[in-house]
Structures are given as structure tokens and as C-alpha cells.
Amino acid sequence: MANVSDPGALAKVHQVTTARTNSGAPIIEARGLTKRYGELFAVNGIDLTVFEGEIFGILGPNGAGKTTTLEMIEGMRKPDGGTIVVAGIDVVADPRRLRQAIGAQLQSTALFDYLSAAELIKLYCALYEVDDSPARIDELLGLVDLGEKRNAKVNELSGGQKQRLAITLALVNEPKVVFLDEPTTGLDPAARRSLWGVVQGVRDRGTTVVLTTHYMEEAEVLCDRVALFDRGRLIACDTTQALIRGLNMSATIKATCEAGSLDQAELAALPAVTGATVSAIGSQSELSLTTTSAQQSMIGLLELAARRSVTLGDLRSSQANLEDVFLSLTGRSYASDTEPATDAPASSRRRRRRGEAA
Ligand SMILES: Nc1ncnc2c1ncn2[C@@H]1O[C@H](COP(=O)(O)OP(=O)(O)O)[C@@H](O)[C@H]1O
Ligand SMILES: [Mg+2]
């Protein structure tokens, strides 16, 4: 749960998250899911199981295959290979039957601007032939905290409010599973957090939520389990805590010092350190240590600096997060994932990035 700038918001979100009961039976089972566009494997042999009552996150950089996977599970794109069962329905054979059982969030840009929030919900209820009484419409508005926007036109709503409306529209048929494709992309941090609360509210009412995101922090804070995608492949799937536990580190320590005053080998030999890099930035060196114990390594580093009369600047420690999981599995940093791939195998790139010898 690192990287959250507002601890108060995190505490609130965490409270709701931990109130969740244990996951139920599998509600989605996808095996060997594959989609090709020409030579490109957009989705390449993915196996996924989603359990009833969880918020399941599909996380990955742009182009990783998140939307393609989601739309195949929703029965909106036909896979080239593999099987998908959702709520007992064979999605490939029977996509129409699936529509009744699921809810899919529309792009908020596809909403009718000139209708009010309440009118739009009523229209959807009519389309699905479900209760469209004022009481039911109020309930649906309340679910996403839009009670006060009942009579506001869609084009008068903020980006976050439109997203919340799109989510409640996906709930009119009381689906067992709801699918949200990047529900918070483009929202400011406050609107994003408020949407997290809405998504948790949906799950707490018993609806399973499958969402995609490219925000690491969102997956860490919001999702019960995370499927980490990279270039059409599933590279890891578990709770954030378990994924981080699988790493050979629990934290990263960073600091700056005068160039050349500490070297990589002696940093790597400090207590609990599992990897060390030293990179030159102008007249300074930036040190980065991965460690299984931030406290032990920090003490070791301070003692070393004191012995050598080296002044450390900007000393900081951060807990391991999904960013580190991605780096350890792909050899690439998540943030800079748009950089072109090199020909070197992932293992040697990983060593290079961590400053280790091959
Ligand atoms: N209809 C399509 N035709 C050709 N290529 C596509 C199509 N849809 C997606 N792709 C490609 O498949 C890959 C995965 O896309 P997508 O599932 O949209 O990724 P994500 O949602 O993770 O950003 C990308 O390289 C994308 O360009
Ligand atoms: Mg997408």
C-alpha cells in the first residue's frame, strides 16, 4: 500500500476493503484466451479465475491487452482461441445470454447529453425491462452518490460524476458481475478516490467487479487481487501483498552523495541489501538499494557514510510496491514502459538496471 499521498483517504478505503468477507466460488474462468490482430498477439494464452465478491483488477501499461481481454470476457470480442465461462454461461457459444447476467460500463462520452441523470437511468431500466419507479431510480442514484444530481443534465456533470452515472447504468439489471474499463482514467485525484469508494460500495452490495487500470496505486489500494499484464501476457496474478512478498526485497532506499564517494560493491555488501545501483547525475551520485529490511540497511548505510565522512542527501525509504513487482518480472520500469525494447534478454537487462554484474 505504498505511494498514497493522502493517508486519510487510504485509511478510509482500507477500512472498507478489510471489511470484505472471503471470496466465494469462481464466477469467471478463462483458459488459454488468445486474440490476434495480424501478426500481433494482443492477448496471448491468458488464464484467469475471478471469484464471487471480489474487486479484480487487470493492470498493465497501455497496449498490454487489458481492454481486449475484458471485451472477450464480456462477449463483445470473439477470441481466436480459448474458453470463457461467466456465471455458468459459455461466453463464446452464447454471448447474448451473457448480456443479461453482466453489466458493462459505457464510455461516459456515449451518454445522451440532453437527458437528466434520472431520465437516463429510467431509459435504461425500460430497455432492460426492470423496475423504473422513482424509488428505484433514487436507489440507483444513491448507490453512486448522485442523489443531488437527479435533475442535472448529463452535460452539466463533471467527469467523475459522469463516470459514476455510467457505473450505475451498468447496475440497472442487477448483474452478478460488472465490468469497468479504466473507470478513473482522466479523473483528478479527488474524483478518482471518490470513485474508488463507489466501486467498493458496489462490491459490498454483492456485485463482483472486474476493472482495468494502468494506475499501479489504484490496483494496490482498490483491488482485492491483481492480474498484471504485459504485452498480451499475464505475468502475475495475486493479492498485492502476496505479489510483493514474492520479491527479494521489502523496500527501496535512495540517497544522493558526492560523485564517486561510495561504490556499488560496498553498498551491495550492506546488511539486508539485495541489490544496489549507483548512477551519476551531474556532480552527484544517486544511490538506490533494494533491501529485505529497510531499518538494517539504513543503519548500515548511515554508519558507512559516517566512517567515510560522506554527506548523504535526500535520504528516503519507500516500501516495495507493484512497480517493483513489474520491474522484477519484466526487467523494465513500469513508468518508462514506452521505451523501445532492446534485444538483450530480460535477465541481463534486469541485472544492468540494478547495477549488478552479469
Ligand atoms: N481492433 C484492433 N485492431 C488491431 N489491433 C488492435 C485492435 N484492438 C487492439 N489492438 C492492439 O492490441 C493491443 C492490445 O490493445 P488493448 O487491449 O486495447 O490494450 P490496453 O487496453 O491494455 O491498452 C495493442 O497493441 C493494440 O494496438
Ligand atoms: Mg484499454
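Which strand does Val-43 lie in? Let us start there and then visit other parts of this predicted model.

**View 1. Val-43, a buried residue of strand S2****.** Val-43 is part of strand S2. With a relative accessible area of 0%, Val-43 is buried, because the word applies to anything under 20%. If you look for Gly-63 as well, you will find its C-alpha atom 10.0 Å from that of Val-43. In sequence, 20 residues separate Val-43 and Gly-63.

**View 2. The residues around ligand 1****.** Here you can pick out the shell of ligand 1, which includes Tyr-37, Leu-40, Ala-42 and Pro-61. Also among the residues of this shell are Asn-62, Gly-63, Ala-64, Gly-65 and Lys-66, together with Thr-67, Thr-68 and Arg-77.

**View 3. Polar atoms of the protein beside ligand 1****.** Begin with Thr-67, where a polar atom of the side chain sits 2.9 Å from an oxygen atom of ligand 1. Ala-64 takes part through its backbone: one of its polar backbone atoms is 3.1 Å from an oxygen atom of the ligand. For Arg-77, look instead at a nitrogen atom of ligand 1, which lies 3.3 Å from an N or O atom of the Arg-77 side chain. On its own, ligand 1 has 560 Å² of accessible area, and the protein covers 60% of that. Two elements, strand S2 (40-51) and helix H2 (66-73), each give two or more residues to the shell. Helix H2 gives the most, with three residues.

**View 4. Cys-223, in a loop between a helix and a strand****.** Is Cys-223 buried or exposed? Its relative accessibility is 6%, so Cys-223 counts as buried. Now find Phe-56: along the chain it is 167 residues from Cys-223, yet the C-alpha atoms of the two are separated by 5.6 Å.

**View 5. A nonpolar patch on the surface****.** Five residues make up this patch: Phe-112, Tyr-114, Leu-123, Leu-127 and Tyr-128. Together they have about 520 Å² of accessible area. To get your bearings, look for Leu-123 in helix H4 (residues 117-128). Leu-123 has a relative accessible area of 34%, so it is described as partly exposed.

Definitions and conventions
Residues numbered from 1 in each chain as written. Chains lettered and ligands numbered in written order. Predicted model: local features only at pLDDT ≥ 70, side-chain atom pairs only at ≥ 80, totals over all residues. Heavy atoms only, no water. Patch = residues over 30% accessible without salt bridge, like charges linked within 9 Å, V, L, I, M, F, W, Y side chains within 5 Å. Areas by Shrake-Rupley, 256 points an atom, 1.4 Å probe, with all protein chains shown as cover. Salt bridge = Lys/Arg side-chain N within 4 Å of Asp/Glu carboxyl O. Helix = DSSP H or I, 4+ residues; strand = E, 2+ residues; numbered from the N terminus. Buried < 20%, exposed > 50% of the residue type's maximum accessible area, 1.4 Å probe, protein only. Near = heavy atom within 4 Å. Polar contact = N/O pair within 3.5 Å; in protein donor to acceptor, adjacent residues only side chain to side chain.
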